[in-house]
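I am opening this model to look up a few local features. My notes follow the order in which I went through them.

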Amino acid sequence: MEETGKILKFYESAGGFLGAKVENINTSKIGPDDNKNGTSNTEAGCDLTTYERVHAVRLFPFTDPAKYISIRVGSEAGEELAIIEDLADLSPEQRELVKRDLELNYFLPVINKILSIKDEYGYAYFHVITDKGPVRFAINMGGTNVTKLSETRLLITDINENRFEVRDVTKLTKKEQRKLDLFL
Amino acid sequence: MILKVKIPDKLTEQIHEADDDRIYYALPIDINRDSNYADNSFLVVTTKRILLFEEGVLANTLLISDCAGAKATARVGQGMLTLEYKGALTLVCRFSHGLTAKYAYIARGINILAGGRFEEVESNEYEPSCPICGRAIPGTSKCPHCSGEGGIVKTVRRLARPYHKSLFGIAILMILASVTTLLNPEIQKHLVDKVLLKESPGKSAAFLCLGGMFALSLGIVFVNVAKSYYSTKLGARMSHDLRGELFDKLQATPLSYINDRRPGELLNRVVSDTRVIREFMENVFCNLFTVAFIFVCDIVFMVILNPGLALLTFIPAPFAIAILLAFRKSINRRFHLQWVKNDDQSSSLQDVLSGMRVVKSYGNEKAESEKFLKLSNEYARVQMNNESFWAVFNPIIGTVLGLGLLVVVFFGGKKVLEGEMTAGELLQFMTYTTLLYQYINWMANFPRALMRLKSSVERISDVLSYNIVNKGPGEVTDINGEVVFDHTTFGYKSYKPVLEGIELSVRPGEKIGIVGPSGAGKSTLINLLMGLYEADDGVLLVDGKDIRTLDRKSFHSQLGVVLQETFLFSGTILENIRFARPGATMDEIIAAAKIANAHDFICKTPGGYDTYVGEKGYNLSGGERQRIAIARAVLADPKLLILDEATASLDTESEYLVQTALSALTKGKTTFAIAHRLSTLKDCDRLIVIDGHRVAECGSHEELIAAKGLYYELLTAQLQMQKV
């Protein structure tokens, strides 16, 4: 992997978003001339670029959400600054900053309890309790809106493209599993 | 879409509306700061302020005068509204994806207010789920559940109007069928009581009864055959007519209507929804009156015959219905599951078979076969379960449905023995009971069939009732080819402009090359020129006349188009070239093919100009297809030519052939050519560079190089690539 830069420090920008200071290693790739988003300065003897807004992307959102986080310039598609191999390597307050940004980029409620599933004319109406609170949603029965991430793990996509996860089907009660059977 | 939801009165009080500060938009916020689902939280935009209510409390007020650049962005599983508040990028709120599109409109609304204008943004997009009942809406403007019976009855009546004669005939047949069905038990009673149980049974009377029964049975058969025949015919005709009507309507609707819908959805409306109507006519409607008539008469006759016994018979009916529904639900679930498992198995098989080269080259046969065995095993298990379930429960259901009859036999038999009832009456009663329970099954199915029909009718009438703005006949003119874009602005989604304020004027016969990064709006510019979409703002003039006022047919006949991928219709090469001008002679077609460098390869095909091409026909290469498209355009002799990446997907040799064909074609015609490879545009009189929704640069090749701008950068980048 080609090292493009080394993130020295994350900070909270004026509007509350994630900002980053990067030490330039490969200056031809990231530099004040190349990138309008970053401002360059010299701090503590090294060549630094400050990015007012960066965002964090999970490379393996399902297999390992806390590892391999790509830090990218801007708020949407932007150039990669660095990859954090493990969030645990960061200091607690730095970790909090990255975690906060991840929360803004990913919202994937985990279904803990299924209260009811009603199917009616091509749509299935779910009423569930997730780790983010109770919610009702509808999925289209026709398509492939329930996908298996593994033998026991499910990803459900509703009509609005919201995503819900079932971590372990076998952890649900038999009755709940029977309700889900239709979609497996 | 609704951009102003009703918020609780308690919150409205806190807004303090004023004459010059009214509520513009209000939307729920459903994700809170802690990333949990939020309740009772709203974003309210008034003329001057943005108010945030969190859990019923006014949490924040922003002044619109401090705001700029509001933007709704979609993230994974959620979206967020951000704006530049006092110069800093600030998060306003988060929401789940049901609200993302709405917030995109609101963001546009905030930007308009921040810009000092006061118009309100409106959205023509449909709600994904019903604001009244919360059900998902199947892509229509109204919810099929909440639109009310009135709407559907009206639509059905409108759809049925042309067929009222057949409908009337079928209704008569239905009533005939029920009368014959109901008469039979009456004769049976007569046979038993008046003939068989008499001390001296009269043979001739018996034969008379039997003859009557035979005639009735025969009558039922005839009536039923006629009824089914006419219902099927009517159903087929209705769905055929509807398909035609839908197809015509879809062709007439603007592309934006089609783009707003999911792909496949409109196809479904033409194919599946009309099928639902046909099936309803064939299976449900043809029995509707018969069943209703028999059902009512049946109950009346039973009550007249013996009120007490009739009441006893009715008691098990609700239970029978409940059991029947539960059984059906369970059966549906089970067989759906079986279908899914079967599907899993076959798709896995298909996967492996089509990827066999990969599987073999990595030596993964064993793992794959284990995977398949597991799925197959699973399928076998579900199938066996289902079959045994069916074998056990089907007879049980039959027995349950027969319970009513048992009740009748027991109590009726008692009454016959006590002399309160004759044997013939009992027989008649039993037949009525059987009929009753037979139709309970049908009745239990009816609501489902009706709902299916309702959804389909709703979807169909949604298309049919779409109002196409009829502008009347346009102006028919021979165009010279002068084109002027005057402040033309357009976006596929009203909140997201693709082209903004395009200014460009093109002389007749001028060749214009269009370059720019992907997604900049090059093809959109050409779509506007083709009249596929209408500009949201500004005008597009052809020969000084607004393109909207021109007659579409005459305008399109003077427009030639060669796209990146040429679509050939199933048919011969001759038919495909002639598509541009159906009246063209053979000589003209050969001449056109020669100009297009197509004649020689056509001669090499086995069938010459009669070679069948298209989906199942002779396989032409990409370059050959392009040259047929060019021949088509040559034949049309258009005044305006559009080339959209016409040579992008070709190899060097075909590209050369197509290029020479194109330069023959474009001689003296106003031409717009899009290309990524800049070398293909060297013949153009002027080049325009589109970037950031606008015309960034405009001028000849030399001028743009001298300017050292975007075009220069693109060109040097491409030259460097060639060196490598």
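**Loops and a helix**

I began with B:Glu55, which sits in the loop joining strand S3 (49-54) to strand S4 (57-63) of chain B. Helices (H or I, at least four residues) and strands (E, at least two) are DSSP runs, numbered from the N terminus. This is a predicted model, in which local features need pLDDT of at least 70, side-chain atom pairs count only at pLDDT 80 or more, and totals for chains, interfaces and linings use all residues. Residues are numbered from 1 along each chain as its sequence is written, while chains are lettered from A and ligands numbered from 1 in the order in which they are written.

I checked the backbone of B:Glu55. Its phi is positive, about 50°, although B:Glu55 is not a glycine. Is B:Glu55 buried or exposed? It counts as exposed, with 11 C-beta neighbours inside 10 Å. The cut-offs are 20 or more other C-beta atoms within 10 Å for buried, 12 or fewer for exposed, and partly exposed in between, with C-beta atoms placed from the backbone.

Next I went to A:Glu161. It lies in the loop between strand S12 (154-157) and strand S13 (163-166) of chain A. A:Glu161 is not a glycine, yet its phi is positive at about 70°. It is partly exposed, with 15 other C-beta atoms within 10 Å.

Last, I looked at H1(A). Which of its residues are buried? I noted A:Leu97, A:Val98, A:Asp101, A:Leu102 and A:Leu104.
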